[in-house]
Amino acid sequence: MSLPPESADPRFDAEVIVVGAGPAGLMAANLLGGYGVRVVVIESGDELIDYPRGVGMDDETLRTFQSVGLADAVLPHTVPNQLLVFVDSKGKDLARIAPPMADFGWPRRNGFVQPLADRVLLEGLQRFNDVRVLWSSTVTGMMQDGSGVTLTVEGPDGVRELRAQYVVGADGGRSATRKAMGIGFPGTTASTDWLVVDIRDDPLGHPGAYVGADPRRPYASISIPHGIRRFEFMIKKGETAADAERDEFIEELLAPFIPRGSRVDIIRRRVYAHQSRIAERFREGRVFLVGDAAHLMPVWQGQGYNSGLRDSFNLAWKLAMVVRGQADQRLLDTYDLERRDHVKAMIQLSTWVGRVISVTNRFTAAARNVFLRTVSLVPRLKTYIVQMRFKPMPTIREGAISKLGAATENSPVGRLFPQPMVTTRDGGPVRMDDAIGNWFALIAWNNNPAVILDEGTLREARAAGIRLIAARPAVQLAWDEPGSRAESDVKVVGDADGTLKKWFDVHPESVVLVRPDRIVGGAAPVHGASQMVSDFLRHASAPAEAAASTRASRP
């Protein structure tokens, strides 16, 4: 669902300029394009990077692809439900991670080919007349003022200036945008380097991902779709990046897995260091940082790629509301407020797992192995690991949310709303996000949201483009109460398998406002629904004032 059209402002070349055509930048451009925002993407390279980098895609990321209508296009480049196994020096299991749940509509762990996923995002931009990409173009200057940002861009046709209301810096770990804004990038660099080797025509063929906690040389062996195998090896003291360029060195590393002399078609080899860093701030005036420009984390939880797309999903709808005049620009302050703690948690988890894996003292490694195997003997702890419950989930305590009407301390406000399968009067079953659209949705269980809201709040909700959803058991899908007034903008969805009802069973708040990024922005019983919706809209239009008012009213 696009926002209401607005005539182009001739003072600006775009409403938003995205610097960097990596995954976070391309996803931001797709989201903004879908919301009807004019976008220019500036990329210093002459084409997409064509070698694998990230190899793990989670359920939240697939849900984001779904939101921009590209899930079906990216799925052929994934391995759903990819098994992750941690093994010891003898190849025996230490822990297995195989989460069976699909609470958000998609498998929790998926292998994928990043260049092909990025290609899907790039081709997705062709759907939008007001989104364009400038290749071989470098930003050499950036100046802000009260109404916009002016970029000096050097490209194939020379130097020119481009102007936008806002800029999104998605230009990677060495971000020139971040440096131009004078934003620090504190953190740590691991003391040991690692070598990544990607191979065509997978010589092993096994579909899983294996992490070897071998004190002699920790490693990873990961299946990537379309016949690609990734190996990663710790570089020992005394070994250098120059060694990694020698085929003999690579052959020695691969010898435990592939017979010597076997044909190996190497796509790339690269030495890198694990970084744990987070920018001092994600916003400087009208300029924002997303993805690696905002944070870096070790690879062990596969969350660098996914965290960047979470950034874009959180920021894009807010930018869309502001440039369309539907919200005060202070809404944009909630981007850093909502994302920082979750990013920190992901960095801490990834760093900790890396330290556990990278033990090279054999006595410490033996103690670690005993601990991990002991944990697996306790059913509850084993479930915690197997089902990946240790993964930090986005939890927003302050920001673009309303806590009015939340009936319990375990309120769903600030958490992701689930995505069950539903039916509609047009057919189904379909994933719920496809039924409710990609903007705001007010979901009322066993009620018509147009009836339970007071007239003033209903007008506000409709003006904001909030989709009205009446949720009920699927067997009631076709029923209308005799004599009830028909509301053409109320969509009825049926709970296809009981999953949606189970969610409402444990939450006394039967009316839920879901944001475009699928975070619950507000929740209340029916009698508090109008107040909750109005309060949320006040937070969105002037969050600083609304938050202060809310704090002042607390006993």
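How many of the residues of helix α4 (residues 114–124) are buried? Select that helix to begin the tour: 8 of its 11 residues are buried, and the helix is therefore described as mostly covered, where buried means under 20% relative accessible area, exposed means over 50%, and partly exposed lies in between (1.4 Å probe, protein chains only). The buried residues of α4 are Gln 114, Pro 115, Ala 117, Asp 118, Val 120, Leu 121, Leu 122 and Gly 124. Helices (H or I, at least four residues) and strands (E, at least two) are DSSP runs, numbered from the N terminus.

**What kind of model this is**

This is a predicted model, in which local features need pLDDT of at least 70 and side-chain atom pairs count only at pLDDT 80 or more, while totals for chains, interfaces and linings use all residues. Residues are numbered from 1 along each chain as its sequence is written, and side-chain values use heavy atoms, with hydrogens and water left out.

Colour the chain by pLDDT, which is the predictor's confidence in each residue, from 0 to 100. The protein chain has a mean pLDDT of 90, and 93% of its residues reach 70 or more. Now select residues 1–7, where pLDDT stays under 50 and the model has 19 contacts beyond four places in sequence, a contact meaning heavy atoms within 4.5 Å. Residues 543–555 also have pLDDT under 50 throughout, with 12 contacts beyond four places in sequence. Where pLDDT is low, the predicted coordinates should not be read in detail.

Select Thr 61, which is found in helix α2 (residues 59–67). Thr 61 counts as buried because its relative accessibility is 1%. Leaving out residues up to four places away in sequence, Thr 61 touches Tyr 305, Asn 306 and Leu 309.

Ala 470 is buried, because its relative accessible area is 3%. Ala 470 and Val 492 are 22 residues apart in sequence, yet their C-alpha atoms are 4.7 Å apart in space. Val 492 is also among the residues that Ala 470 touches, and the others, not counting residues up to four places away in sequence, are Ala 444, Asn 447, Asn 448, Pro 449, Val 490, Lys 491 and Val 493.

**Salt bridges**

Side chains of opposite charge can pair when their charged atoms come close. A salt bridge is a side-chain nitrogen of Lys or Arg within 4 Å of a carboxyl oxygen of Asp or Glu, and by this rule the count comes to 36 salt bridges.

Show the side chains of Arg 163 and Asp 145, which form a salt bridge with their closest N and O atoms 2.9 Å apart. The pair links distant parts of the chain, 18 residues apart, with Arg 163 in strand β11 (residues 158–169) and Asp 145 in the loop between β9 (138–144) and β10 (149–155). Is Arg 163 buried or exposed? Arg 163 counts as buried, because its relative accessibility is 16%, whereas Asp 145, at 38%, counts as partly exposed.

Select Glu 252 and Arg 260 next: they form a salt bridge with the closest N and O atoms 2.9 Å apart, and Glu 252 is partly exposed, with a relative accessible area of 47%. Arg 330 and Asp 328 form another salt bridge, again with the closest N and O atoms 2.9 Å apart. Arg 330 is partly exposed at 27% relative accessibility, and Asp 328 is partly exposed at 28%. Elsewhere, salt bridges that share partners join Asp 198, Arg 230, Glu 232 and Arg 268 into one network.

**A cavity and a pocket**

On a 1 Å grid over the protein atoms alone, a cavity is a set of points where a 1.4 Å probe fits but cannot get out, and a pocket is an open set with protein on both sides within 12 Å along at least five of seven lines; lining residues have an atom within 4 Å of a point. Grid points are joined across faces, edges and corners, and a volume is the space filled by probe spheres set on the points.

The count comes to 1 cavity of 30 Å³ or more, and the largest cavity has a volume of about 190 Å³. To find it, select Glu 60, Arg 310, Pro 394, Leu 416 and Asp 517, the closest to its centre of the 14 residues that line it.

Finish at the second largest pocket, with a volume of about 620 Å³. Of its 25 lining residues, Asp 103, Phe 104, Leu 416, Pro 418 and Trp 503 lie nearest its centre. Helix α15 (residues 499–505) gives the most to this lining, with 3 residues.
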